[in-house]
Amino acid sequence: MAALTFSSIPIKTHVVTEKDDIVELTRKYTEGIAFPGDVIAVAKSVAAITQGRAVLPEKIRPGLIAKFVSRFPAKHGSLATPTAMQLAIREVGIFKILLGCAASIFGRLVGAKGYFYIVAGRELALIDDIAGTMWPYEKHIILGPREPEKIVRSILEATGVDAVIADVNDIKCVDILAATSPESKRTAKEALIDNPFGNDDQQTPIVVIKQQKS
Amino acid sequence: MAGQRFTQITNFWSDVFEKDGRQFSRVTIESTYPFSYQLNSSAANVKMLIRKALANIDYLRTEVYDGLINEFIVEQTEAKNVTAEIFLDCETPFTVDFSEGIPARTFIVFDRTRLYDIFSPLKIIIDPGHGGDDKGGTGPVDLLEKNVTLAMAGQTKIHLDKYGAQTLLTRKNDQNIPLRERFNLALSSKADLFISLHTNYDKNPEVKGLSVGYNPAAAGSEKLAGLIAKEVARKIKCDIREIKKDSRLTALKKISGVVVEPVTISNYVEEGLLRNPHLYEKVAFGIFNGIKGLFDG
């Protein structure tokens, strides 16, 4: 039986803003490149940017609770600054954040990690703090995209091609937020492991994955 | 190579790579199929006309500034033709290469040999500021200036060493070296340049941006400071806050010396930028370009 291999075509786009529609953007840039049987992968951050979820920190005034609570998460994480924590409070409410903190303390006592996000909301793990996204958004905090399932379904309807929204980094970590089918999710997880979205100044937020028999 | 199928240009970028111990600049154009093209080159300009092609973006100008390639523009010039135009610092030999596959890749490769001619005669002292019990500034979250200066200095050394510069670090690890010893290293080794790396710190958390201080006693220092400020700012896309005389550097006597503070660590946005290792590479590239500007013809 022939094994499947994948080829990824990263697609450079214009600088995406909240004025763009993610479905139309994806349709336009994949036209003539993606066909049924392929998978279109859209970067999580770009989906969020089109939803107006890129926030300049200067526009946020952290409250006392955000300032206090932000001292506790790991310093390399995305919620270690008062501004990012204030946005987290805005996302899920102060009650969930405080419950998450209590769960986190309990987790530390029993030697387990991740309780904060389990209780406060997994969407908070999708927040990218400053320098987490490509130019010109490197000075923004990027929240996770809203309704990713709806976005991938709409892309499928507009293009006829399976779609996923993916969060990929350079340490071979691929998180699929939404997929139009379990198979497209499996394909994307395997094909995106080397981060074909690129990083930093490369503006390739869409990747077309083509399967080949070898 | 003369693919006749209609192709779509999907991606293009530039990088610097090493082959057989030599450095090259490369522009890569990715497309759905290989394409046929016509090349025109003049003094510092290479123009590739790609036939039977559609670009995914009608017009895109990409800043490179790698010391050789300044920028390139990809443009849909006619209904079925695309032009890729590369603007160079000076006339440079180049080759064109291909790799088939999905996507197909076309490489325009430029020889960076002339940069060795500029850098190999230079002796450069690279000084990571602070160290040991002298932490320097502390960011609002947790970054320490002494650590980020060491990382920036390391990247700068790597960059300059590639082109044969003779570089010396004033410290290689977390130790506090007195300023006098740092300057003495430059004087005793008869260095051409002294590049000190720091970050700014200010009690006002709103203060941000790049600052470069220079040795007012050395001819060329002010020019070097201006060039480095311009090139680093262009690379990391930040504002130049100030270029100023730094009287401490007069201890270097006639050696051109600068203190480069690419960002302000006490500003929490700029502290965040320091968490991205790509920033250090960009700062190093900016310093490299600034030095090149001073010594290039």
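**Sheet, interface, helix pair**

Trainee: How many bridges join E6(B) to strand E7 of chain B?
Mentor: There are 5 bridges between E6(B) and E7 (residues 69–78) of chain B, and the two run antiparallel. Strands here are DSSP runs of E, at least two residues, and helices are runs of H or I, at least four, numbered from the N terminus. This is a predicted model, where local features need pLDDT of at least 70 and side-chain atom pairs 80 or more, while totals for chains, interfaces and linings use all residues. Residues are numbered from 1 along each chain as written, with chains lettered from A and ligands numbered from 1 in written order.

Trainee: Which residue in E7(B) is the bridge partner of Tyr59(B)?
Mentor: Glu75(B).

Trainee: And what order do the strands of the open sheet take?
Mentor: E3-E4-E8-E7-E6 in chain B, 5 strands with antiparallel pairing (a pair needs at least two DSSP bridges). E3 (37–42) and E6 (59–63) of chain B are at the edges with a single partner strand each, so one side of each has no neighbour in the sheet.

Trainee: Switching topic: how many residues of chain B are in contact with chain A?
Mentor: 21, against 23 residues of chain A; contact is C-beta atoms, placed from the backbone, within 7 Å. Strand E1 (7–19) and helix H5 (268–273) of chain B each give two or more residues to that side of chain B. E1(B) gives the most, with 5 residues.

Trainee: Last one: which residues of H1(A) meet H7(A)?
Mentor: Ile22(A), Val23(A), Thr26(A), Arg27(A) and Thr30(A).

Notes. Two residues are in contact if their C-beta atoms, placed from the backbone, lie within 7 Å.
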